[in-house]
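Please read them with the structure open.

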Amino acid sequence: MSEGGMLAIDGSRETGQDVRTQNMMAAVSIANIVKSSLGPVGLDKMLVDNVGDVTITNDGATILKLLDVEHPAGKVLCELADLQDQEVGDGTTSVVILAAELLKRGNELVKQRIHPTSIISGYRLALKEAVRYIKKTLTIPMSKLERSNLVMAAKTSMNSKIIGPESDHFAEIAVSAMQNVRTERPDGSVRYPLKAVNIIKAHGRSSRESVLVDGYAINCTRAAQGMPTSISNAKIALLDFNLARHKLKLGVQVLVKDPRELEALQQRELDITKEKIQTILKSGANVILCSKGIDDVCLKYFVEAGAIAVRRVPKDDLRRIAKATGGELVLTMADADGADEEFDPSWLGSAGEVSEERLGDGEIIYIKECVKTAAQTVVLRGANEYFLDEVERSLHDSLCIIKRALETNTLVAGGGAVETALSVHLEDYASTLGTREQLAIVEFAQALLVIPRTLATNAAQDATELVARLRAKHAVSQQDPAQGEGMQYSGLDLVAGKVVNCFEYGIVEPAISKVKSLRFATEAAVTILRIDDSIKLNPREEPQ
Amino acid sequence: MAAGGSTETLRKREKEKDVRESNILAAKAVADAVRTSLGPRGMDKMIQADDGEVIITNDGATILSKMKCMHPAAKMMQSLSKSQDIEAGDGTTSVVVLAGALLRSTQQLLSKGIHPTTIAEAFLEASQEAERILESVSRPVRLDDREALIQAATTSLSSKVVSGDSQVLAPIAVDATLRVIDPSADSNVDIDENIRVVQQVGGTIEDTELVNGLVFRKKGAAVSGAPTRVENAKIGLIQFCLSAPKTDIENNVVVSEYAAMDRILREERKYILKLCKKIKDSGCNVLLIQKSILRDAVNDLSLHFLAKMKIMVITDVERNDIEFISRTAGCTPVAHVDSFTADKLGSASLVEEVSLGSGRVVKVTGCEAKASTVTVLVRGSNKLVLGEAERSLHDAFCVIRCLVKKKFLIVGGAAPEAELALQLGKFAKTLPGQKQFCVKAYADALEVIPYTLAENAGLNPIEIITELRRQHAEGITTSGINVRQGKISDLAEENVYQPLLVTISAISLASEVTRMLLKTDDLVGVQ
């Protein structure tokens, strides 16, 4: 009956060092999974789920999302990657590796009889100092931020991904897309909505032939072949109701005595919809996008009027189009008196051109030159589904990075530069503190080095030597700023296996990404370190 | 039950001593389980519930309520922590730890051959004396002394995961609780009825805010043209549906000619328009619609009309929330359209849809109604943090409630327990016979709180306890463990205060449970 020893609970319980070690092990094994995918020369993972679907990816968040982790501490790390993905969009792998390293070192300290609370407060202190130091010395000021820097940031993020070799091409696409969707809010703040960039995937050709299209694209086709393929000066009606034969509701019964009445009834069913369509067309609409179905019998009215009608357009796309073209999503056409139906021309959105184009083995409808806000579409080409999916994920990461860079206007050097600089600085900082937190801060500093070390290991370079050289550079720059001018940006060039000035070399990341990943990693490590007791209750038995 | 079943119904009889022993052991095991989560530097527990859900918490009541204990004595400890939660809302861990320590001391007393009844009586006396002593070292507080209240709430929050944000949460807890009571008249606060805590993922805990009104965790009905911001709102709350009426199962609408189809369509439009117009005529510009199971509460048509009339619509309001909403906004729920008149409407200065993190919420602020209700919108980066933040906030509310119930504060940091140990030790010497022995043991048991607090903070417990004893013996009644600096200091200067009621209730409840377990000498399993 009871397994919990003296406590007599229905389940198992572990306390103290056992739990800590177990949690640490779980976290480290999660981190080990993603470890080899860090950095420009990181490798990909192939994940096969229980249905047999294959995902090939290098993105930490995606890998962890697909893993079915059972251990609670492991789950905390997976959530951590997810959080980083939501808040920043990139750096998901490094945040997990860092958190696991912090935990590992924290656990070693506990074994040396240092109380977890002291370690926790040490980590918190170190984090605070690290964030302060990044903001003070490591960021690259806003005035130096130009388009070329954004392209660099995008390329840095892409480098580690499958599109690395084509990063020149894709970085240009990503930067242009994000810059084009710049919108100003009524309160004056500037936003770069990620959702305004639509990504469409089409099989065939090579990834170099991916293009950026100014306008919104939807992955749908015209409803009938007789419709024109292109309309300029389009007036777009956005409908959110069925254009099908009108059906009577449940609870309404049709009783006819005369068979001819039945025919008339059927005719009327059609006519109700026909009248609707004619009202819409009369308002001047020549493009009709409908979120629901359009009956085949109704299509002829559109064909006769020379309009494009598209059915089953996803509702989210419709909303976006409504915003971009200044139209309104119409739920019902009832007029203010409730007596009749009308279609107000002001509900129509307008765009310079709406056209259907062949792409790969399918068709795509483009809505170009939208009047209200800019919408951008990236059409990705590639050999197969997995490749396209991975390209989409990589592009998404880069778009996020550019968005952050644009919104916060500060960059830091990549290639392990920030981590090494912080590590050197924190070690100095620790020795100025005479309290028990000192040890924890030193460990925090050591833990940060896991990033450059993993980067070097993944690139098959001599990690020990490279990291040592890197630390030496940073030490010079911090002890003697005059002599070490520019050395605070020193990072690793992993292909050549050299220490270079990453900022000049074009390896940069948004500062906010680094700050947040440090913060999240520390929070996750603290959350797990605080646990000293794990109670696992037996699953409830299903009643037979 | 058949006659002569006396031997059958009483399945298991254990020896008196064994029963007491096993009860005490089981209860002590529970106390040991939560011991490490006491105090500002306490550790967390990770509990995987029977449905697989994981929670990480530091709140004693939550930990115990999630643990599935089998032993009856262990269950008593669970309900002990629950009653402390109900009575005081805070100190749920300390009450269990205290009970565990008292039980341990009774074990020693029992082994010396003192009769359980004598111990129980002596403990009763000791706990009464303890209450008196505590009152003598407390200080009164006025409810308009906001600073002192915030300080008390901060002390309670300091042991939680969210302690880093206590400067945000403590004032919120104080303001929320004070708003729902009449400080001069009330002697209790109904927290669950008057304070609504709404969780929304996204942002950080620092973004948590107090809303004088309502927060709906949903967006307004998404129809283009519908307003998302209404100033000087007139709020209507309806419990009827704005959709085409349905016939009963037995009845049918019969269509026998094609013109009738048009009529049906037109009638539906007219019917709904009539409802909407009636609502509009009353002056309403924000409409809350109760969730309906039998029929659609709204349909496309009515949303469209309401959007055209510039009425903001919030659908799917839960039935349970109706009362809270009507008290907050000052509106009367309307069950039929005929009774929808202007006097049923509530008012607010602003109703606005705002986007927060990943989702959108509708905020109703500036309600004119005199009803004393508030909503706290809790933000956090993930569900675990949100859950813990809500539990911590609840504790902070309870602290303020305690102060409303009993307007006295006492210093924290184990100072009261140390003082009690000293004073009760003196008191014991005035007692005759075996009682003296028992009360002395009781006094020593109370030192478990400073001991555990020091241990959890990574300090040396023996050093701390001896220093604490010394200072109290010198008459510094307010000296306690300053966990942050890791030493003993005068906590009155540090402003670490907690409500007197929390400590009193913890001591009296723990003593009661101990006495009850002592007096139990038989365990009978009835099947």
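1. A salt bridge here is a side-chain nitrogen of Lys or Arg within 4 Å of a carboxyl oxygen of Asp or Glu. Across the interface of chain A and chain B the rule finds three salt bridges.

2. Some ground rules. This is a predicted model, in which local features need pLDDT of at least 70, side-chain atom pairs count only at pLDDT 80 or more, and totals for chains, interfaces and linings use all residues. Residues are numbered from 1 along each chain as its sequence is written, chains are lettered from A and ligands numbered from 1 in the order in which they are written, and side-chain values use heavy atoms, with hydrogens and water left out.

3. Extent of the interface. Contact (heavy atoms within 4.5 Å) links 63 residues of chain A with 67 residues of chain B. The buried area is about 5600 Å², and carbon and sulfur atoms give 59% of that. Buried area is the accessible area (1.4 Å probe) that two parts lose on being put together, summed over both. In chain A, the residues that lose the most area to chain B are A:Leu331, A:Arg530 and A:Leu537, together 12% of what that side buries.

4. Polar contacts. A polar contact is a pair of N or O atoms within 3.5 Å; within protein, one must be able to donate a hydrogen and the other to accept it, and residues adjacent in sequence count only if both atoms are side-chain atoms. Between chain A and chain B, eleven residue pairs qualify, both residues at pLDDT 80 or more. Strand E20 of chain A gives the most to the side that touches chain B: seven residues. Helices (H or I, at least four residues) and strands (E, at least two) are DSSP runs, numbered from the N terminus.

5. Strand pairing between chains. Two strands pair if DSSP finds at least two bridges between them. E20(A) and strand E1 (residues 44–48) of chain B run parallel, joined by five bridges. Within this pairing, A:Ser534 has B:Met46 in E1(B) as its bridge partner.

6. A hairpin within chain A. Strands E17 (residues 490–493) and E18 (residues 498–501) run antiparallel, with four bridges. A:Ser490 is partnered by A:Asn501 in E18(A). Four residues lie between the strands, and A:Gly497 takes a positive phi near 70°.

7. Domains. Bounds come from an automatic or database domain assignment. Chain A has domain 1 (11–141 + 413–537) and domain 2 (216–373). Their C-alpha centres lie 53 Å apart.
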